[in-house]
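This report is a guided reading of one protein model. Please keep the sequence and the structure in view while reading.

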Amino acid sequence: GYYSLLASVYNNQVISIDCNLKYINLFKKSILDNKIQNINILEKHVDNKFSLDTIINIDTYIKLIKCDIEGYEIEFVESILERLKQKKIENLILEISPSFRDNYPEYVMKIKNLGYFIYDIGLSPQRKLNNSTTLKSLKMINIENIENMKNYINSFPEKQSNFLFSTINYLIS
């Protein structure tokens, strides 16, 4: 719930979806401890039957989705593809774990081809934030084909990373 807590302190309405009761209970404790009131936790399992449309109206503009669902990221992307095509999602963070799936490169390129910029933001322990950290320090990925994307993804030292897909080019904005 770390990203949900961060989003909430910027006065965003946050919907957090998880199916692991252990993490849900820890998250609820963090919400209470921090006196947060704009987070709604939904206990749902994301799989190939999941639809975001049953939770959030298809016409709703979404500022950020953070998705770490242990290999079901592809199914989730399929469920939001129409929203991505219509640019109704400004930012999408996906955990990319080639040990779970071998078709991440195809979906990364699919999202890129919809006009999204891609940034490799690494794993949480790798991101050391300080007063000089800005969005302009993000690492943009300028890969134009699936084969090169596959090589890039398969070269992760930690065997996974997080990609930010954004309608915004943070390096020039």
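The sections below treat a helix, the nonpolar cores, the aromatic rings, the cysteines and a few single residues.

The structure is a predicted model, in which local features need pLDDT of at least 70 and side-chain atom pairs count only at pLDDT 80 or more, while totals for chains, interfaces and linings use all residues. Residues are numbered from 1 along each chain as its sequence is written, and side-chain values use heavy atoms, with hydrogens and water left out.

## Helix α1

Helices (H or I, at least four residues) and strands (E, at least two) are DSSP runs, numbered from the N terminus. A residue is called buried under 20% relative accessible area, exposed over 50%, and partly exposed in between (1.4 Å probe, protein chains only).

Helix α1 spans residues 2–9, and its buried residues are Ser4, Leu5, Ala7 and Ser8. These residues lie on the same side of α1, because they cover an arc of only 165° around the axis. The arc is taken from the directions that run from the helix axis to the C-beta atoms. On the other side of α1, Tyr2 and Val9 are exposed. The buried residues of α1 pack against β1 (14–18), α2 (21–33) and β2 (39–43); contact here means heavy atoms within 4.5 Å. Just after α1, Asn11 takes a positive phi of about 60°.

## The nonpolar cores

A nonpolar core is a set of buried Ala, Val, Leu, Ile, Met, Phe, Trp, Tyr and Cys residues joined through side-chain atoms within 4.5 Å. The largest such core has 33 residues, and those with the most contacts inside it are Phe76, Leu84, Leu92, Met149, Phe163 and Phe165. Two or more residues each are given to this core by β3 (62–67), α3, β4 (89–96), α4 (104–113), α5 (146–154) and β7 (161–166). The largest share, 6 residues, comes from α3. A second, separate core of 9 residues includes Val14, Phe27, Ile31 and Ile39.

Leu92 shows how parts of the chain meet. Not counting residues up to four places away in sequence, Leu92 touches Ile65, Phe76, Ile80, Leu84, Ile111, Phe163, Leu164 and Phe165.

## Aromatic rings

A pair of aromatic rings is described by the distance of the centres and the angle of the planes. Rings of Phe, Tyr and Trp (its six-membered ring) pair if their centres lie within 6.5 Å; planes under 30 degrees apart count as stacked, over 60 as edge-to-face and the rest as tilted. A search of the whole structure finds 5 aromatic pairs, and the table describes two of them.

| Pair | Distance of centres | Angle of planes | Type |
|---|---|---|---|
| Tyr152 and Phe163 | 6.2 Å | 50° | tilted |
| Phe156 and Phe163 | 5.9 Å | 85° | edge-to-face |

Tyr152 lies in helix α5 and Phe163 in strand β7, so their pair ties together parts that are 11 residues apart in sequence. Both Tyr152 and Phe163 are buried, and Phe156 is buried as well. Tyr152, Phe156, Phe163 and Phe165 form one aromatic cluster.

## The cysteines

A disulfide is a covalent bond between the sulfur atoms of two cysteines. The rule applied here asks for a pair of cysteine sulfur atoms within 2.5 Å, and the count comes to 0 disulfides. Cys19 is partly exposed, with a relative accessible area of 41%, whereas Cys67 counts as buried at 4%.

## Single residues

Glu82 lies in helix α3 (residues 73–85) and is partly exposed, at 40% relative accessibility. The side chain of Glu82 makes a polar contact with the side chain of Gln86, at 2.9 Å. A polar contact is a pair of N or O atoms within 3.5 Å; within protein, one must be able to donate a hydrogen and the other to accept it, and residues adjacent in sequence count only if both atoms are side-chain atoms.

Lys87 lies in the loop between α3 and β4 and has a positive phi of about 55° although it is not a glycine. Its relative accessible area of 32% makes Lys87 partly exposed.

Lys159 lies in the loop between α5 and β7. Lys159 has a positive phi of about 70°, although it is not a glycine, and is exposed at 53% relative accessibility. Leaving aside residues up to four places away in sequence, Lys159 touches Ile96, Ser97 and Pro98. The C-alpha atoms of Lys159 and Arg101 are separated by 12 Å, and these residues are 58 apart along the chain.
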